[in-house]
Amino acid sequence: MMTHYVAWSPYVGSSSYILAGLLLLVTCVLTYFGFRFRHVIAVKGPGKFLGALLIGCWFLAVIALRIAVTAYALAQHQQTIQFRITNPITPVTFTSAVIAFFVILYLARQSGLKIAIGSAIVGTIAAPMIFELPFDLLVMWQTYPPAPPVLYTLLYFLPLFLVEILSFALLSFSPAMKLTRYTFFLLAGMFLLFTVWALFGFAYPSTPIPIALNMLSKVVAFATAVSLFTTAPVFGERAKAGSSRPGNPQ
């Protein structure tokens, strides 16, 4: 019997510093785009056919993921692989999801009740995926899969990535969803937390520092999703709007 006390192995030695450097680069790029971003961008929603196809694909991906998880767990059981781990992050995730739902519902209220509820739903679905997609990419090959490891790693993570990407695509259903520079800044903040976490090996949250970094980055991910529904003007637009009022010098 093989027992693991964490869900994935940490990065060690120079690999943790290389990872931290790459994540810091991503942070800098996102920050740069945030400062360069001058306009609010609204995403055109899919038509009825593409919308139905997108929802159908999302449900199929979720089903495929459930099947993959079942097969993965069965293989672990057959190969007597057990885990003795705790998960202190789940309460933070659920609390952030509830708060994000109602904040998005409030922000999108001017678009009507139907759009506000739909926006809150797709926003809350996509919010944890903002954290999970880069996180899963980072821990994909650090986990303890059954044998053969490559096969079971791909079996689990490929449908998971598909669910995460399609969850982002669901945001296109909301007319209230707009991309602003705040989204870039918040996303950069999440990757900055990832960078610090990488300096500690991107270790499983079983000690105080990884726990804190995991929780904070998860909260920032939900804040990033909420920022997609804010109606606040971006930096510079407020001044531009004020200068165009009658009586103001041009």
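**Salt bridge, core and surface patch**

In this predicted model, a salt bridge joins the side chains of Glu132 and Lys218, with 4.0 Å from N to O.

Colleague: Why is the pair Glu132 and Lys218 called a salt bridge?

Modeller: The term requires a side-chain nitrogen of Lys or Arg within 4 Å of a carboxyl oxygen of Asp or Glu. The N to O value for Glu132 and Lys218 is 4.0 Å, so the pair qualifies. The search of the whole structure finds 1 salt bridge. Glu132 belongs to helix 4 (residues 113-139) and Lys218 to helix 7 (residues 208-227), so that the pair, 86 residues apart, links distant parts of the chain.

Colleague: What makes Lys218 count as buried?

Modeller: Buried means under 20% relative accessible area. Lys218 has 4% relative accessibility and therefore counts as buried.

Colleague: Is Glu132 buried, partly exposed or exposed?

Modeller: Glu132 has 21% relative accessibility.

Colleague: Why is Tyr17 called exposed?

Modeller: Tyr17, in helix 1 (residues 14-36), has 57% relative accessibility; the limit is over 50%, so Tyr17 counts as exposed. Together with Val196, Leu199, Phe200 and Ile209, Tyr17 makes a nonpolar surface patch of about 480 Å².

Colleague: Which residues have the most contacts inside the largest nonpolar core?

Modeller: They are Phe135, Met190, Phe194, Trp197 and Phe202, in a core of 55 residues. Helix 4 gives the largest share of this core, 12 residues. Apart from neighbours within four places in sequence, Phe135 is in contact with Trp8, Phe194, Trp197 and Phe202.

Methods. Residues are numbered from 1 along each chain as its sequence is written. This is a predicted model: local features need pLDDT of at least 70, side-chain atom pairs count only at pLDDT 80 or more; totals for chains, interfaces and linings use all residues. Side-chain values use heavy atoms; hydrogens and water are left out. Helices (H or I, at least four residues) and strands (E, at least two) are DSSP runs, numbered from the N terminus. Buried means under 20% relative accessible area, exposed over 50%, partly exposed in between (1.4 Å probe, protein chains only). Patches are made of residues with over 30% relative accessible area and no salt bridge: like charges are joined within 9 Å, nonpolar side chains (Val, Leu, Ile, Met, Phe, Trp, Tyr) within 5 Å. Accessible areas come from the Shrake-Rupley method with a 1.4 Å probe; for residues, only the protein chains shown count as cover. A nonpolar core is a set of buried Ala, Val, Leu, Ile, Met, Phe, Trp, Tyr and Cys residues joined through side-chain atoms within 4.5 Å. Contact means heavy atoms within 4.5 Å.
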